[in-house]
Amino acid sequence: MRSDDAASMTPDRRLVGLERRPLPGGLTLLVAGDRRSRRRGLAHLDALPAGHALLLERCRSVHTLGMRFALDLLWLDGDGALVRLDAAVAPRRVRTCLSARAVVEAAAGDGERVAAALAAQRRPAP
């Protein structure tokens with residue numbers, strides 16, 4: 001990547017093409033649905049846009065190599081229920097959850113809010 005490309009790469013520009021799923025509480029779940037977006041993930045971004053998190057489906061292991069900020073990792077089972085939350089995972093780490101089927105990457109400190117929104121979304125309507 002050229003240096004002028006890196007300087008102009010804002011979170012909005014980098015994540016603009018991803019599928020967006022609205023969550024309760026005004027949150028947005030970005031979906032890394034293709035090979036390129038999954039491979040790039042959030043590496044080299046300065047931050048996630050406020051109120052956003054990134055979903056990696058069919059994923060049991062992630063790394064934070066190339067990250068510039070800590071993440072809360074929300075590990076989900078096949079039904080989308082929370083299996084585990086790893087809070088404030090620092091850059092240059094590897095985390096695995098073999099019982100998970102997907103992971104949501106949120107900015108450190110946002111994990112519980114995102115978990116509550118995901119749980120609220122899963123509840124059946126009265």
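**View 1. Strand E3 pairs with E2 through Leu29 and Ala53.** In E3, Ala53 is the bridge partner of Leu29. The chain passes from E2 to E3 by way of helix H3 (residues 35–40), a right-handed β-α-β crossover. Right-handed means that, with the strands pointing away from the viewer, the path from the first strand over the helix to the second runs clockwise. E2 and E3 run parallel and are joined by four bridges. Strands count as paired if DSSP finds at least two bridges between them. The model is predicted: local features need pLDDT of at least 70, side-chain atom pairs count only at pLDDT 80 or more, and totals for chains, interfaces and linings use all residues. Residues are numbered from 1 along each chain as its sequence is written, and side-chain values use heavy atoms, without hydrogens and water.

**View 2. Strand E3 also pairs with E8.** Five bridges join these antiparallel strands. Leu54 has Glu105 of E8 as its bridge partner. Helices (H or I, at least four residues) and strands (E, at least two) are DSSP runs, numbered from the N terminus. Five of the six residues of E3 are buried, so the rest of the structure largely encloses E3. Buried means under 20% relative accessible area, exposed over 50%, partly exposed in between (1.4 Å probe, protein chains only).

**View 3. Helix H4 and its buried residues.** Gly111, Val114, Ala115, Ala117 and Leu118 of H4 are buried. Down the axis of H4, the buried residues fall within an arc of 160°, so they line one face of the helix. The arc is that of the directions from the helix axis to the C-beta atoms.
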